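Subject: Handover of a structure with notes

Dear colleague,

Please find below the sequence and structure that I am passing on to you. My notes on what was found follow directly after it.

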Amino acid sequence: MAEIARLLQRLGEGATAKIWRLGYAARFFVYILLHSGTALRRFRLTVREMYFAGVQSMIIILVSGLFVGMVLGLQGYDTLQRYGSSEALGILVALSLVRELGPVVAGLLFASRAGSAITAEIGLMKATEQIAAMEMMAVDPVARVVAPRFWAGVISMPLLAALFSAMGIFGGYLVGVQLIGVDEGAFWSQMQASVDVRNDILNGVIKSVVFGIAVTWIAVFEGYDAPPTAEGVSGATTRTVVTSSLAILALDFVLTALMFTGGSAK
Amino acid sequence: MAAAPIVEIDRVSFGYDASRPVLSDVSLRIAPGSVVGIMGQSGCGKTTLLRIVAGWLKAGAGTTRVLGEDLSGLDAGGIFALRRKMGMLFQFGALFTDMTVFDNVAFQMREHTDLPEELIADLVAMKLEAVGLRGAAQLMPSALSGGMARRVALARAVALDPQLMLYDEPFTGLDPISLGVIARLIRTLNDSLGQTSIVVSHDVEECFGIVDYVYFVSAGRIVAEGKPEEMRRSGAAFVRQFVRGETDGPIPFHYPAPEYAADLAQAGAGG
């Protein structure tokens, strides 16, 4: 009996701690938004962080996009040609990338490449008292350190997702048209006719913006909340990658359910 | 009549939780222009005292007045405004590792003033010249030795000519030469810029060499105070043990433990 009571108590404590932390993260999010003045007014600070979060993630995004597109080309062709509709390959590649794979895979890569770096950097700044030194110089570290990184992530993520999709379509084209020999005219024209700007592209962009906010928010929060020790920073970095990957996949399901059901699906 | 004190702490107590007080009933007054040492063992509460002066921690009881302001009445904005008149040197410098030495020293000038870049460049050069590192302006903090990093941090802390300087263990981990340089800089900057300084330290010789007055803290209380030469001659047991670095005294060598013989007998019976 006592055993069960203890178990229930531990479960309750664990749940309360998680909810408390979620509330703390939500308040931190609002605090960032309220203290974004510096990041937006002195936009140079944000641009500098965009270089680290966005530009330096480009190689991994472009290469991954190319390979994902090439695989899509191979797999798509294999399936489509069974039904004699291999010229629809362009639609398949483009819709898969623009609606799903672009935002989701780019988001996952962004979380592990840029998100982890943001957490580790802020966590180490805290561990080496740089954050404390800033506070002592009467400079709000959320405004000066966190907000520019947050906005840089939010701006970079949709651009990276777009690059990923574009590169993927090019990869699909290379494999489908150049390698396998699908008709080039059909590949592009069917794609052009079927991909809708509002239903497909805009929805994909919305997804990537939402993922960008989620990943960067998690990354800056984990970094700022990290215990100032080597172990604390490494734990926070791991949590950033795990939590943001799960958040991306869960949010993707919710967004897809909202966007592509109820008759708007083509 | 003596000038009003820069820092006035009256019967201040502080604890992270009620059962473990870190500071109890501490009172001290720091006169303008002086360099005051706060000495004691690691963990005795001296850094906590410094953090209360900096407005980092709020005292549980008592009043703290810094530069004429009562800290308990200040909100976050008020504390920030007050900190613009203070500088702090952190134990290991805490330089911003993503900026050059120049940008570190220029940081506060760029954040808090609208000075043109040419003027900032001149001011930074002056501050770095004062600590002897004008030639290192374009280096990154990772390229500096521990002593150089501390000197750059010192230049950064005095960038906006603060009235009150706080030093948190400024001598820790430095070689004898760097140690002497930092100690001399603390004194000369204080006197030439008309500052007041609080030095938290446990290095007896270096600290005694530069301070005008010293407080000894043990287990959260001020146990002795006076001029360094008085402290050297002091008969108080704690001061004697601390100044001479004796192993046993009021601060016991042994951590509290059960009777040694009983402990061995129990271990023997258990094994």
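In chain B, an open sheet of 4 strands is ordered β2-β1-β4-β5, and its pairing is antiparallel. Helices (H or I, at least four residues) and strands (E, at least two) are DSSP runs, numbered from the N terminus, and two strands pair if DSSP finds at least two bridges between them. The model is a predicted one: local features need pLDDT of at least 70, side-chain atom pairs count only at pLDDT 80 or more, and totals for chains, interfaces and linings use all residues. Residues are numbered from 1 along each chain as its sequence is written, while chains are lettered from A and ligands numbered from 1 in the order in which they are written.

The edges of this sheet are β2 (20–30) and β5 (69–70) of chain B, each of which pairs on one side only. Strand β1 (residues 7–17) of chain B runs antiparallel to β2(B), and 7 bridges join the two. β1(B) and β2(B) form a hairpin, with 2 residues between them. Within this pair, Ile9(B) stands opposite Leu28(B), and Val12(B) has Val26(B) as its bridge partner. β1(B) is also joined by 5 bridges to strand β4 (residues 61–66) of chain B, again in the antiparallel sense. There, the bridge partner of Val7(B) is Val66(B).

Chain B also holds an open sheet of 6 strands, in the order β6-β7-β8-β3-β9-β10, with mixed pairing. Its edge strands are β6 (86–89) and β10 (221–226) of chain B, each pairing on one side only. From one strand to the next, the twist averages 20 degrees. β6(B) pairs with strand β7 (residues 164–168) of chain B in the parallel sense, over 4 bridges; in this pair, Met86(B) has Leu164(B) as its bridge partner. Helix α9 (residues 237–244) of chain B lies across β9 (213–218) and β10 of chain B, and runs at about 105 degrees to β9(B). For such values, axes are lines fitted to C-alpha atoms, for helices over the stretch in contact, and angles run from 0 to 180 degrees between N-to-C directions.

Chain A has 10 helices and 0 strands. Its C-alpha atoms fill a box of roughly 65 × 60 × 35 Å, taken along the principal axes. Of the 266 residues of chain A, 45% count as buried (20 or more other C-beta atoms within 10 Å of the residue's own, with C-beta atoms placed from the backbone). Among contacts in chain A between residues at least 6 apart in sequence, 87% join residues at least 24 apart; two residues are in contact if their C-beta atoms, placed from the backbone, lie within 7 Å.

Two helix pairs of chain A may be described in turn. The axes of helix α7 (residues 141–180) and helix α9 (residues 197–225) of chain A come within 8 Å and cross at roughly 150 degrees. That makes α7(A) roughly antiparallel to α9(A), a term for angles over 145 degrees. Their crossing is right-handed (the near helix is turned clockwise from the far one by less than a right angle). Residues making the contact include Phe150(A) and Met157(A) of α7(A) and Phe211(A) and Trp217(A) of α9(A). By class, the residues of this contact are 15 nonpolar, 4 polar and 1 charged. Here Ala, Val, Leu, Ile, Met, Phe, Trp, Tyr, Cys and Pro count as nonpolar, Asp, Glu, Lys and Arg as charged, and the others, Gly among them, as polar.

Helix α5 (residues 89–127) and helix α10 (residues 230–259) of chain A have axes that come within 8 Å and cross at roughly 150 degrees. α5(A) and α10(A) are therefore roughly antiparallel to each other, and α5(A) passes α10(A) in a right-handed crossing. Among the residues in contact are Gly107(A), Ala111(A) and Gly115(A) of α5(A), together with Ala236(A), Thr240(A) and Ser244(A) of α10(A). This contact has 10 nonpolar, 11 polar and 1 charged residues.

Finally, the two chains touch. The contact takes 11 residues from chain B and 9 residues from chain A. On the side of chain B, α2 (76–83) and α3 (101–112) are the elements that give two or more residues, and α3(B) provides the largest share, 3 residues. That side of chain B divides into 7 nonpolar, 1 polar and 3 charged residues.

Yours sincerely

Methods
Angles under 35 degrees count as roughly parallel, over 145 as roughly antiparallel, 65 to 115 as roughly perpendicular and the rest as oblique. A residue is buried if 20 or more other C-beta atoms lie within 10 Å of its own, exposed if 12 or fewer, and partly exposed in between; C-beta atoms are placed from the backbone.
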